[in-house]
Amino acid sequence: MMDIRKKIGLRIKEYRTNLKLTQEALAFKAEIDKTYVNEVENGKRNISVINLEKLISALDASVKDFFNSEAFSGGSN
């Protein structure tokens, strides 16, 4: 099974690319360092709940919609 960090990172990237935002633009909007965004998207960083909420908000999404994905259905990972 895919690591939860990778699932979250891929989901953030999916939203970001659909909005045609660069990592830098998303980082600015979320008030988070762009290096941190890159590491999160690549599953290399264990994101905090607070920063996840900032990114989801910057992506104009709800927490419910963000996690409403096949990647998060079923399994514990």
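In which helix is the place of Ile8? Ile8 belongs to helix H1, where helices (H or I, at least four residues) and strands (E, at least two) are DSSP runs numbered from the N terminus. The model examined here is predicted, and therefore local features need a pLDDT of at least 70 and side-chain atom pairs count only at pLDDT 80 or more, while totals for chains, interfaces and linings use all residues. Residues are numbered from 1 along each chain as its sequence is written, and side-chain values use heavy atoms, with hydrogens and water left out.

Ile8 is buried, with a relative accessible area of 10%; in this scheme buried means under 20% relative accessible area, exposed means over 50%, and partly exposed lies in between, as computed with a 1.4 Å probe on protein chains only. When residues up to four places away in sequence are not counted, Ile8 touches Ile47, Leu52, Phe66, Phe67 and Phe72, a contact being defined by heavy atoms within 4.5 Å. The C-alpha atom of Ile8 is separated by 10 Å from that of Arg45, a residue 37 residues apart from Ile8 along the chain.

A pair of aromatic rings is described by the distance of the centres and the angle of the planes. Rings of Phe, Tyr and Trp (its six-membered ring) pair if their centres lie within 6.5 Å, and planes under 30 degrees apart count as stacked, over 60 as edge-to-face and the rest as tilted. By this rule the count comes to four aromatic pairs. The rings of Tyr15 and Phe66 are stacked, because their centres are 5.9 Å apart and their planes stand at 25 degrees. Since Tyr15 lies in helix H1 (residues 4–18) and Phe66 in helix H5 (residues 63–67), this pair ties together parts that are 51 residues apart in sequence. Tyr15 is buried at a relative accessible area of 18%, and Phe66 is buried at 0%. Phe66 also forms an edge-to-face pair with Phe67, with 5.0 Å from centre to centre and 85 degrees between the planes. Phe67, at 30% relative accessibility, counts as partly exposed.

Helix H1 also holds Arg16, which is buried with a relative accessible area of 9%. Leaving aside its neighbours within four places in sequence, Arg16 is in contact with Leu21, Thr22, Gln23, Leu26, Glu41 and Leu59. Of these partners, Gln23 and Leu26 in H2 and Glu41 in H3 also take part in the meeting of those two helices.

The axes of helix H2 (residues 23–30) and helix H3 (residues 34–41) come within 8 Å and cross at roughly 115 degrees, where axes are lines fitted to C-alpha atoms, for helices over the stretch in contact, and angles run from 0 to 180 degrees between N-to-C directions. That makes H2 roughly perpendicular to H3, given that angles under 35 degrees count as roughly parallel, over 145 as roughly antiparallel, 65 to 115 as roughly perpendicular and the rest as oblique. The crossing of H2 and H3 is right-handed; a crossing is left-handed if the near helix is turned anticlockwise from the far one by less than a right angle, and right-handed if clockwise. At this crossing, Gln23, Glu24, Leu26 and Ala27 in H2 meet Lys34, Val37, Asn38 and Glu41 in H3. The residues of this contact divide into three nonpolar, two polar and three charged, where Ala, Val, Leu, Ile, Met, Phe, Trp, Tyr, Cys and Pro count as nonpolar, Asp, Glu, Lys and Arg as charged, and the others, Gly among them, as polar.

Helix H2 also meets helix H4 (residues 49–58), with axes that come within 8 Å and cross at roughly 110 degrees. H2 is accordingly roughly perpendicular to H4, and the crossing is right-handed. Here Leu26, Lys29 and Ala30 in H2 meet Lys54, Leu55 and Ala58 in H4, and the residues of the contact divide into four nonpolar, no polar and two charged.

Asn51, which lies in helix H4, counts as buried at 17% relative accessibility. Asn51 touches Ile32 and Tyr36, with residues up to four places away in sequence not counted. Glu31, in the loop between H2 and H3, counts as exposed at 68% relative accessibility.
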